[in-house]
Amino acid sequence: QVQLVESGGGLVQAGDSLRLACASSGRTVSSAAMGWFRQAPGQERAFVAAISWSGSNTYYADSVKGRFTISRDNAKNTVYLQMNQVKSEDTAVYYCAARRFAPRDFVYSTTRDYGYWGQGTQVTVSS
């Protein structure tokens with residue numbers, strides 16, 4: 001079993017930076033493709049960023065490209081989402097997700113690709 005716990009959310013102002021972390025416990029996610037998604041009130045959960053288990057490939061939603069960076073530290077079983085130049089439209093609950101036993105360099109961008117989810121962390125951006 002894989003447990004994912006997000007942290008780092010909070011209230012920030014537009015233009016600020018924030019770093020989210022997703023720590024896994026239980027079985028290692030070092031061979032898992034990882035992703036970040038977000039869900040704003042009244043909206044469906046949307047893809048934000050993904051990283052292969054090797055760390056060599058990343059993929060971003062157009063809305064965050066150039067502002068957000070996904071990274072991972074497999075030794076710490078932790079994935080990060082560095083959020084720069086945040087905007088009010090980035091306000092949402094952010095979830096990390098894991099897909100175990102993924103091919104080394106694959107990334108995934110839909111919710112159905114992932115089998116494990118964290119509980120989410122709230123990010124609120126004030127304008």
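1. Leaving aside neighbours within four places in sequence, which residues is Glu6 in contact with? They are Ala21, Cys22, Trp36, Tyr94, Tyr95, Cys96, Gly118, Gln119, Gly120 and Thr121, where contact means heavy atoms within 4.5 Å.

2. This note concerns a predicted model, in which local features need pLDDT of at least 70 and side-chain atom pairs count only at pLDDT 80 or more, while totals for chains, interfaces and linings use all residues. Residues are numbered from 1 along each chain as its sequence is written, and side-chain values use heavy atoms, with hydrogens and water left out.

3. Glu6 belongs to strand β1 (strands are DSSP runs of E, at least two residues, numbered from the N terminus). Glu6 is buried (under 20% relative accessible area, 1.4 Å probe, protein chains only). Glu6 has no salt bridge (a side-chain nitrogen of Lys or Arg within 4 Å of a carboxyl oxygen of Asp or Glu); Arg45, the nearest side chain of opposite charge, is 7.2 Å away. A polar atom of the Glu6 side chain lies 2.9 Å from the backbone nitrogen of Cys96 and one lies 2.8 Å from that of Gly120.

4. The largest nonpolar core has 37 residues (buried Ala, Val, Leu, Ile, Met, Phe, Trp, Tyr and Cys joined through side-chain atoms within 4.5 Å). Among the strands that each supply at least two residues of this core are β1 (2-7), β4 (33-39) and β8 (78-83). Met34 and Leu81 are among the residues with the most contacts inside the core.

5. Met34, in strand β4, has a relative accessible area of 1%. Apart from neighbours within four places in sequence, its contacts include Leu4, Cys22, Ile70 and Tyr114.

Key
Buried < 20%, exposed > 50% of the residue type's maximum accessible area, 1.4 Å probe, protein only. Helix = DSSP H or I, 4+ residues; strand = E, 2+ residues; numbered from the N terminus. Lys, Arg positive; Asp, Glu negative; His and termini not counted. Polar contact = N/O pair within 3.5 Å; in protein donor to acceptor, adjacent residues only side chain to side chain.
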